[in-house]
Amino acid sequence: MGVVRTALLMGFLLWFSLLANGLNLWPMPASVGYGSGILYLSNNFQLRTEGSKYSDDSRILSDAFLRMVDLVRVAHVIDGIVPSSAVLDGLHVRIFSEDDKLNFGTDETYKLSIPASGEETYAQIEAQTVYGALHALETFSQLCYFNFTSKIIELHSAPWKIIDQPRFPYRGLMIDTSRHYLPLAVIKKVIDTMSYVKLNVLHWHIVDRESFPLEMPSYPNLWNGAYSYSERYTTADALEIVLYAQRRGINVLAEIDVPGHTRSWGLGYPSLWPSFNCREPLDVSNEFTFQVLDGILSDFSKVFKFKFVHLGGDEVNTTCWTVTPHIKNWLKKNGMKESDAYRYFVLRAQKIASSHGYEFINWEETFNDFGKQLSPKTVVHNWLGRGVAEKVVDAGLRCIVSNQDKWYLDHLDATWEGFYLNEPLENITKPEQQKLVLGGEVCMWGETADASDIEQTIWPRAAAAAERLWTPTWKLATDPKVVAPRLAHFRCLLNKRGVAAAPLFAPGRGTPPFTGSCIQQ
């Protein structure tokens, strides 16, 4: 009971702190100014685009505006009478670029200005691209509240002036559809929630040793490695995910992990296995292995248009190569040890990816083992622990940070505080090296996560990391207790939006420890 009473007290303290501070945006913008007025949203809230160079023929902006209005309403019936004064009639959005192509480095900056009572009746958004405008719409949505007495939508603390931009260009979340199949609706909901926290890369770890669920037109038997006939993704499904994400400002990074983690491939093409009794890594001595990889990456290039492809390269146990006679003979003939063959495979995979227009990402073992022998275009994906990123950038290579002790969501003992405090630029002080750290990614490995529990495993801990990756360093808290009220508020907002975000004061995927308000959990 003592633990429960302590938790209750903490919850109430956070609640009162929250009431005292109306700045409940997540992630925190780069620059925020606000007042003390109240505006009332018109029941006929409108989008205007006069003066914008962006035509919106694809309806990315107008559809996002409609989604934002739905989010603001949070499923309530809005049937109150809006006062005749202090009414906000809509949003006037001006976008300065005609282009809505999304890729790495797309400009995501925006300005949001909301007038005081009695001034302009439209809030103003300015952005270089439509994707910056999408972020502005999300920020605006978090400023609005349903008044349960008047039954209308209010916006408090007007006027607002927000100028915002991301700290890192790569802000990722990885999902794993090999260990457990995730239905398309679940993936789309993850994408929706990513947009709420301004994450911009969905890393799709599609296949692994357990299953191969994706259709590959060049080698159609590969998805014989799926768990079942119905636990599959067609090429059209994959394209639908890419387009769905793109319309929310999110790139999809596809991963094909080679040469390890590939046992499922041989269910469709057994010759990819070193032998029937020794099924991974892929047979490095067989040219067919590289023909298949070339076909996969060719198929990828027609669907996944992101600048990068992830080639894996982690946890490669080369024992099968040394005990399989024909591979052992091939190694001897080519004067290779198994470590040489591992390097040969990684570098050849990189060349194939490059031939299809990709730059490539590899897990950190490739750097730990081969260092500067990797292509200079390699992006090293750190996961094993701290201290790797500084070695990578010192070698002149780019890096993405996902150290498992802090940013692995399947580690249920990893706290949101650890997610918040994990710093990608730790011990990297030279500006030219800091630019080589593209950003970071939280990883939702799927061994114990499926459609039933993935949301509460990801959120709100991934949101804590999202602020680390978006908000400028000087505005980040050094003590997580400072941001706990704001994150608790955001977690409750996610719940209102239908996202099964877990309680803030429970371990990963935790349940409410006691009865009470959402904000106390």
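**Strands β12 and β13**

I began with the pairing of strand β12 (residues 379-382) and β13, which is parallel and runs over 4 bridges. This is a predicted model, so I read every entry here with that in mind. I looked up N382 and found V401 as its bridge partner in β13. Next I checked both sides of β13 (residues 398-401): R398 and I400 are buried on one face, and C399 and V401 are buried on the other.

**Helices α4 and α5**

Two packed helices are described by the angle and the distance between their axes, and I looked up both. The axes of α4 (residues 184-196) and α5 (residues 235-246) come within 10 Å and cross at roughly 20 degrees. Angles under 35 degrees count as roughly parallel, and α4 and α5 are therefore roughly parallel to each other. The crossing is right-handed. On the α4 side I noted L184, I187, K188, I191 and D192, which meet D237, E240, I241, Y244 and A245 of α5. By class, this contact has 6 nonpolar and 4 charged residues, with no polar ones.

**Helices α6 and α9**

For α6 (residues 287-303) and α9 (residues 338-355), I found axes that come within 9 Å and cross at roughly 35 degrees. This crossing is right-handed too. From α6 the contact uses E287, T289, F290, L293, D294 and L297, while α9 brings Y344, F345, R348, A349, I352, A353 and S355. I sorted the contact of α6 with α9 by class and got 8 nonpolar, 2 polar and 3 charged residues.

**T139**

I then turned to T139 in helix α3 (residues 130-141). T139 has a relative accessible area of 2%, so I logged this residue as buried. Beyond its neighbours within four places in sequence, T139 is in contact with L25, Y110, L112, I162 and K198.

Most residues other than glycine have a negative phi, and most peptide bonds are trans, so I went looking for exceptions.

- The bond from A158 to P159 is cis, with omega near 0 degrees; P159 sits in strand β6 (residues 152-164).
- E280 and P281 are also joined by a cis peptide bond, with omega about 10 degrees; P281 is in the loop between β9 (251-255) and α6.
- A86 has a positive phi near 55 degrees, in the loop between α2 (60-73) and β2 (87-95). A86 counts as buried at 14% relative accessibility.
- N427 has a positive phi near 65 degrees, in the loop between α13 (416-421) and α14 (431-434). N427 is exposed, with a relative accessible area of 57%.

Key:
Residues are numbered from 1 along each chain as its sequence is written. This is a predicted model: local features need pLDDT of at least 70, side-chain atom pairs count only at pLDDT 80 or more; totals for chains, interfaces and linings use all residues. Side-chain values use heavy atoms; hydrogens and water are left out. Axes are lines fitted to C-alpha atoms, for helices over the stretch in contact, and angles run from 0 to 180 degrees between N-to-C directions. Helices (H or I, at least four residues) and strands (E, at least two) are DSSP runs, numbered from the N terminus. Angles under 35 degrees count as roughly parallel, over 145 as roughly antiparallel, 65 to 115 as roughly perpendicular and the rest as oblique. A crossing is left-handed if the near helix is turned anticlockwise from the far one by less than a right angle, and right-handed if clockwise. Contact means heavy atoms within 4.5 Å. Ala, Val, Leu, Ile, Met, Phe, Trp, Tyr, Cys and Pro count as nonpolar, Asp, Glu, Lys and Arg as charged, and the others, Gly among them, as polar. Buried means under 20% relative accessible area, exposed over 50%, partly exposed in between (1.4 Å probe, protein chains only). Two strands pair if DSSP finds at least two bridges between them.
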